[in-house]
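Work through the exercises below with the sequence and the model at hand. Each task is followed by a stepwise solution.

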Amino acid sequence: MAFELGLSDLEPLLVGGCFFGSGGGGTLRSARHLVSHFYKGDYYPSERIRVVDVAEALNGDSVMLAYMGAPEAIASCAYPDGPVRAAEAIQQRLASEGRELAYVVPPESGALGFIVACLVAARLGLAVIDADGAGRAVPSLPMLTFAAAGVTPRPAFLVSQAGLRVELNVTPQANPGNATDYPNDAAVIIEQMMRPIVAAPQFDNFGGLAMWVMTPESLDKALPIRGTLSRALTLGRALQCGKIETPEAMIAFLQHHFGLTAYAISGPGYFDSASVSTAGGFDIGKVHIRVGDAQVSVIYENESLLAWDSRSTQPLAMAPDSIAYFIEGAGSAVFSNGDLVQADGTISLGLKQRKVTLLAWQAEAPLREAGGLNLWSFMQLLEALGYMGHYQPVGPNLVAGREGTL
């Protein structure tokens, strides 16, 4: 059912989005900086944002809209100029075809992914669809359900914050010889082409991306993961009101309200150290947590992708499953990797004294589909990080088999 968001709803939305972002999806810092400039005036004609269900998005076309790049680079933006200009490019193209852009779709669950979609919608008088392409944040385009559904990637616009516009006109193979020839998938090719552009000095490691224009008829297949903004808003409000103060309470809340079965994959511990570098539009790093005499490490490329215990030969959890931090004590309970780790690679001040537990839960079913583009894309990235095994979904058997090492 359609509903409206106001300024007071954006803080819980971005906090809940951060938790579901699996360590990525943009930083709380960058999302809050954008929200701090959200008021009715010359830039925003309204402080109200309309959100609709997939089934209600019948009055025009939709487009996926996002910032693409390194969270640290995006944090200085006051207004989402790149994504706005990318959406305007889509509007112009559709208008030339007698069509109308009516809806914005967030690419993924995350603080920035949700906030950018909402703010661009407010700027341009569009509505936001209560769904996204992953139910978590992802490092690359082929990991999104739009790609797996075969939505045409034409047109695709990447626009810098200063207005430099690049259009990629990648034509999907008309008659691919192999339906699972994923290295030649259009989304894979666009990802490979866009990363060097984003890394160019003119883009400064980030830009606004608009692609995957969808008609009302194509939404059902393209957006199987739904209600994700509502979910983030519900969780964010509960955190804001102090209803969730322990990892056990978070696990119970996720199960009761969303039917998500989450597991504590590490015992409570303390942040030990971290490292980070920025390259090709990614913040790449590791976060180390001391749990007794063991070290638990999270490896991320913007998003958390692997969690390891120093005494185990197998990962505690792996993408596409979600991995999230829950931090006890005074202050925010959830953080992205970009909020945890400072530019010099050190843990943010004050967090080393607070207990942290890693939580994990299985990815949405489309991302786990055996032989599918989404899972193939995640496994390619895990292999590049050094994991050569099969996808092992987090679950009671996996957790029970490692209890002795936690």
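**Exercise 1. Pairing around β13**

How many bridges join β13 to β14, and in which sense do the two strands run?

Solution. Two bridges join β13 to β14, and the strands run antiparallel. Strands are DSSP runs (E, at least two residues) and helices likewise (H or I, at least four), numbered from the N terminus; two strands pair if DSSP finds at least two bridges between them. Within this pairing, Leu306 stands opposite Met318 in β14.

Next, take the other neighbour. Strand β12 (residues 294-301) is joined to β13 by six bridges, again antiparallel. Leu306 of β13 is the bridge partner of Ile299. β12 and β13 make a hairpin with one residue between them, and Asn302 in the turn has a positive phi of about 65°.

Last, consider burial, where buried means under 20% relative accessible area, exposed over 50%, and partly exposed in between (1.4 Å probe, protein chains only). Six of the seven residues of β13 (residues 303-309) are buried, so this strand is largely enclosed by the rest of the structure.

Before going on, note the basis. This is a predicted model, in which local features need pLDDT of at least 70 and side-chain atom pairs count only at pLDDT 80 or more, while totals for chains, interfaces and linings use all residues. Residues are numbered from 1 along each chain as its sequence is written, and side-chain values use heavy atoms, with hydrogens and water left out.

**Exercise 2. A sheet of three strands**

Give the strand order of the open sheet of three strands.

Solution. The order is β9-β16-β15, with antiparallel pairing. β9 (262-264) and β15 are the edge strands, each pairing on one side only. From one strand to the next the twist averages 30°; axes are lines fitted to C-alpha atoms, for helices over the stretch in contact, and angles run from 0 to 180 degrees between N-to-C directions. β9 pairs with β16 (residues 356-361) over three bridges, and Ala264 has Leu359 in β16 as its bridge partner.

**Exercise 3. Rings around Trp361**

Find which residues form one aromatic cluster with Trp361.

Solution. Start from the pairs: the structure holds 14 aromatic pairs. Rings of Phe, Tyr and Trp (its six-membered ring) pair if their centres lie within 6.5 Å; planes under 30 degrees apart count as stacked, over 60 as edge-to-face and the rest as tilted. Phe19 and Trp361 have ring centres 5.2 Å apart and planes at 20°, so they are stacked. Phe19 lies in helix α1 and Trp361 in strand β16, so this pair ties together parts that are 342 residues apart in sequence. Both Phe19 and Trp361 are buried.

Then take Phe20. The ring centres of Phe20 and Trp361 are 6.1 Å apart with planes at 80°, so this pair is edge-to-face. Phe20 is buried too, as is Trp361.

The cluster consists of Phe19, Phe20, Phe253, Phe258 and Trp361. Arg231 lies over the face of Phe20, at 4.0 Å from the ring centre; a charge sits over a ring if NZ of Lys or CZ of Arg is within 6 Å of the ring centre and within 35 degrees of the ring normal.

**Exercise 4. Backbone checks**

Where does Pro155 lie?

Solution. Pro155 is in the loop between α6 (145-148) and β6 (156-159). Its peptide bond from Arg154 is cis, with omega near -5°.
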